[in-house]
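Subject: The structure, plus what turned up in it

Hi,

Here is the structure I promised to pass on. Have a look at it first, then read on.

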Amino acid sequence: MARKKIALIGSGMIGGTLAHLAAKKEMGDIVLFDIAEGMPQGKALDLSQCGPVEGFDAKITGSNDYADIAGADVIIVTAGVPRKPGMSRDDLLGINLKVMKAVGEGIKNSAPDAFVICITNPLDAMVWALREFSGLPHNKVVGMAGVLDSARFATFLAWEFDVSVKDVNAFVLGGHGDTMVPVTSYTTINGIPVDDFAKIKGVSADRIDEIVDRTRKGGGEIVGLLGNGSAYYAPATSAISMAEAYLGDQKRILPCASYVDGKYGLDGLYVGVPTVIGAGGTEEVIEIELSDEEKSNLKVSTDAVEELLEACKGLDSSLA
Ligand code: LMR
């Protein structure tokens, strides 16, 4: 059986980390693409030379030509500009929308059968725009954010309770912005609802609220610490778990920015929802019961995403 092909559009810090993870896991052969000449080729050469040490068989190549992504099974898009301290993800809309146009056209022309995972910010608007520009079916284009946001929530909870991260099942819905909705009613510690577990451990409701707030601002905290750039290890590992779910037809239920049309009262919007990922791409959006407060928080978050889509349409008339 031919090896799978993974194309990484954008060869910066996340792209390089993605390539390393995909190679270590022998997910397939890897093409690192970037418009910067030499950079993807240099990273590909460096990463290839990890192979003998780490014992992986993966052909890793660098390219500046979309023709080289032809036949890709999975494409992960990180192209675009990261935010700087003091900026919001939304401040990147204008610049990254232009990047999505070029990437979407590149995918349409060279790899229209791929499953495409977008990481570029502002995430929910960029995955929507990438889908529009590429013309791929909605189930083959998805955004990575919920896995990352839930991982952040789980990490902070595990630290607070001094338990293994493996036992924390955290749940975040909505857009990948400061209005995202960490949902405590669906968050459990090895099956025990988090609010009950907090009582057992003597952790106050205010403290859980602080953790929710830290989760919402989790990306910005790292941007502030790094000073120049944004998170890359956890975003990369989150996208790899989504790619593995697709390639292995795992039917995992992962929180992702999926196309929601009808469920959650939404009308054709990409936003973070629990999604079954298997060989059919995003096979099903799972609609869960929410309390009135959770519903109204989700509405604030989805309204913010809708505003960004309007801004995209204003910037590029082909989207209107
Ligand atoms: C993240 O959450 O780490 C990314 O969306 C990058 C950012 O700007 O926060």
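Two bits of housekeeping before that. This is a predicted model, where local features need pLDDT of at least 70 and side-chain atom pairs count only at pLDDT 80 or more, while totals for chains, interfaces and linings use all residues. Residues are numbered from 1 along each chain as its sequence is written, and side-chain values use heavy atoms, with hydrogens and water left out.

**The ligand**

The ligand sits in the largest pocket. A pocket here, on a 1 Å grid over the protein atoms alone, is an open set of points where a 1.4 Å probe fits, with protein on both sides within 12 Å along at least five of seven lines; sitting in it means that more than half of the molecule's atoms lie within 2 Å of its grid points. Two elements give two or more residues each to the shell around the ligand: helix H6 (146-161) and helix H9 (218-226). Helices are DSSP runs of H or I with at least four residues, strands are runs of E with at least two, and both are numbered from the N terminus.

Which residues are around the ligand? They are Arg-83, Arg-89, Asn-121, Leu-148, Arg-152, His-176, Gly-219, Val-223, Ser-230 and Ala-231, going by a heavy atom within 4 Å. On its own the ligand has 260 Å² of accessible area, and the protein covers 94% of that (Shrake-Rupley method, 1.4 Å probe; for residues, only the protein chains shown count as cover).

**Around the cis peptide**

Asn-121, one of the residues around the ligand, is joined to Pro-122 by a cis peptide bond, with omega about -5°. Pro-122 is in the loop between strand S5 (115-118) and helix H5 (123-134). Thr-120 is in that loop too, and it counts as buried because its relative accessibility is 4% (buried is under 20%, exposed over 50%, partly exposed in between; 1.4 Å probe, protein chains only). The side chain of Thr-120 reaches the backbone oxygen of Ala-79 at 2.6 Å. Not counting residues up to four places away in sequence, Thr-120 touches Val-77, Thr-78, Ala-79, Gly-80, Asn-96, Met-100 and Met-126, where contact means heavy atoms within 4.5 Å.

In helix H5 itself there is Val-127, buried because its relative accessibility is 0%. Beyond four places in sequence, its contacts are Cys-118, Val-141, Val-142, Gly-143, Ala-257 and Tyr-270.

Is Gly-280 buried, exposed or partly exposed? With a relative accessible area of 28%, Gly-280 is partly exposed. It belongs to the loop between strand S13 (267-278) and S14, and, leaving aside neighbours within four places, it is in contact with Asn-139 and Lys-140. Gly-281 is in strand S14 (residues 281-285) and counts as buried because its relative accessibility is 0%. Among the residues that Gly-281 touches are Asn-139 and Tyr-246. Tyr-246 is 34 residues from Gly-280 along the chain, with 7.5 Å between their C-alpha atoms.

Most residues other than glycine have a negative phi, and most peptide bonds are trans. Glu-26, though not a glycine, has a positive phi of about 50°; it lies in the loop between helix H1 (13-24) and strand S2 (29-33) and is partly exposed at 43%. Asp-162 also has a positive phi, near 55°. Asp-162 lies in the loop between H6 and strand S7 (168-169), and at 70% relative accessibility it counts as exposed.

Last, Ser-301: it is in helix H11 (residues 292-315) and is buried, at 1% relative accessibility.

Cheers

Terms used: 1 Å grid on protein atoms, 1.4 Å probe; cavity = no way out; pocket = protein on both sides within 12 Å on 5 of 7 lines; lining within 4 Å. Polar contact = N/O pair within 3.5 Å; in protein donor to acceptor, adjacent residues only side chain to side chain.
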